[in-house]
Amino acid sequence: MGPPQPSSELNYARQIKYWRRNLKTYLPHFYTGNDANRMTLALFTVSALDILGDLDQALSKEERQGYIDWVYGCQLPEGGFRPWPGSHFGKRRNSQNTIWDPAHVPGTFFALLTLVVLGDDLEKVKRREILIWLTKMQRPEGSFGETLGENGTIHGGNDSRFGYMATAIRWILRGDAEGPCGDVPDVDVDKFVTCVRAAEAYDGGISEAPYHEAHAGFTSCAIAALSFVDRLPLPPGEVPDNRIRGVTNLNNTLHWLASRQTATLEDDDSTDTYGDETDTANTCHDAHSFVQTNADHTVSMTNTIGSQLKVPFDLTWVGMNGRCNKIADTCYAYWVSSPLQILGRMDIISTQPIRRYLLDKTQHAMGGFGKVVDDPPDMYHSFLGLMVLAMFGEPGLQNVDAALCITDKAKRHLESLSWRKKAIAAIKSSTSQAATDRMPVDS
């Protein structure tokens, strides 16, 4: 046998240092173009430290309250949050210039989660106004937009990313029970689910719009959104409830997600370096760039197809891609693993080689994770890489909720809030009474 391979390890000290630096110092100038996404970066930072179990040590009581106050400073008088403070006109804000400072679906989503992770009770959130605003953000065909413009015009994309964030906001503020919340109407859940179903591709993945190419990011957002509105496929054997549910062919979707595993980790892997056109799963001579051959044959190595070995090597590193024929990317390890965890089918992928890919190939020496092999770290890929490891049960990391991107501890805090419990109970009571009122009376 060859020399033993060193075990892949998460460098906790470097990871904590990386995220503390992001929290308490100015970001590199490369982030200037992302200033309008500051609320997103705030959630990544505090949630990453919470996953690492370092948030309480990283923040003093005064700092924590300061960050909470900063988030509330981005809340608009009419409800909803801006994604950064740069559009706040202060005392100069008036009815004419509010169009340039609108409530923002992603900004509101990340603001609410940031408050939850920081342990706030959300009592200062204009919950009623946000829920009314959400109903205005839904288009007639069921999709959600980004902001609301003049004359009720909905701006922004109509793909599952915005549906994911809108349904998450709804879930945070009122749970998944359907129906009005007092005098506040609900969004049209049936239309939203229909919109998601229309974007399903022939191969089981979900795209941004009908007849487009399936994409792991859109698939993940769509499945998470369906979980927020309790419209995922029913488990086998469960009695249908006559509600429209998403993912019309679960087996196809699972097959498509599992197929995102790839040993092509960098651009050079797709090049036939020997020029003999033998880069196949059975006869790949270029495997030196991404696989390790064991001296002792495994079962898979001894199974044959005709005269050829089925798999002549054991994969040490496996990445995830977001579309067919693409190289691996750190973020897609999350966008593929998240829907699998939500669907309860993480068992259909090989988590250990994916873990090794993240720790050996994209984890950076200074902390964080890069997008692809040898890339410097950035906050987006660093956060999602950490999320994946937590989902895989990495020792020392806190358990996480795959859909919300926060720790289970933070989610339990949200679910414990008394105002939320009362709102959910009121909706269920109202819905139950309405169903009773519709029941036929015996003659």
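Guide: Glu78 is partly exposed, with a relative accessible area of 41%, where buried means under 20% relative accessible area, exposed over 50% and partly exposed in between, taken with a 1.4 Å probe and protein chains only. Glu78 forms a salt bridge with Arg93, and the closest N and O atoms of the two are 2.9 Å apart; the term salt bridge stands for a side-chain nitrogen of Lys or Arg within 4 Å of a carboxyl oxygen of Asp or Glu. Both residues lie in the loop between H4 and H5, so the pair ties together parts that are 15 residues apart in sequence. Arg93, at 17% relative accessibility, counts as buried.

This is a predicted model, in which local features need pLDDT of at least 70 and side-chain atom pairs count only at pLDDT 80 or more, while totals for chains, interfaces and linings use all residues. Residues are numbered from 1 along each chain as its sequence is written, and side-chain values use heavy atoms, with hydrogens and water left out.

The loop that holds Glu78 and Arg93 also holds Phe89, since that residue is found between helix H4 (61-72) and helix H5 (105-117); helices here are DSSP runs of H or I with at least four residues, strands are runs of E with at least two, and both are numbered from the N terminus. Phe89 counts as partly exposed, at 33% relative accessibility, and together with Ile99 and Trp100 it makes a nonpolar surface patch of about 320 Å². Such patches are made of residues with over 30% relative accessible area and no salt bridge, like charges being joined within 9 Å and nonpolar side chains (Val, Leu, Ile, Met, Phe, Trp, Tyr) within 5 Å. The areas themselves come from the Shrake-Rupley method with a 1.4 Å probe, and for residues only the protein chains shown count as cover.

By the salt-bridge rule the count comes to 24, and one of these bridges is formed where the side chains of Arg243 and Asp230 meet, at 3.2 Å from N to O. Arg243 and Asp230 both lie in the loop between H9 and helix H10 (250-258), so this pair ties together parts that are 13 residues apart in sequence. Arg243 counts as partly exposed at 29% relative accessibility, and Asp230 is partly exposed as well, with a relative accessible area of 36%.

Another bridge is the one that Arg245 forms with Asp241, the closest N and O atoms being 2.6 Å apart. Here Arg245 counts as buried, at 12% relative accessibility, whereas Asp241 is partly exposed, with a relative accessible area of 32%. Salt bridges that share partners join Arg245 and Asp241 with Glu178, Asp190, Asp230, Arg231 and Arg243 into one network.

To set these pairs in the whole, the protein chain has 16 helices and 8 strands, and 49% of its 443 residues count as buried. The chain exposes about 21,400 Å², of which carbon and sulfur atoms supply 52%. Contact means heavy atoms within 4.5 Å, and among the contacts in the protein chain with a separation of 6 or more, 65% are accounted for by residues 24 or more positions apart.
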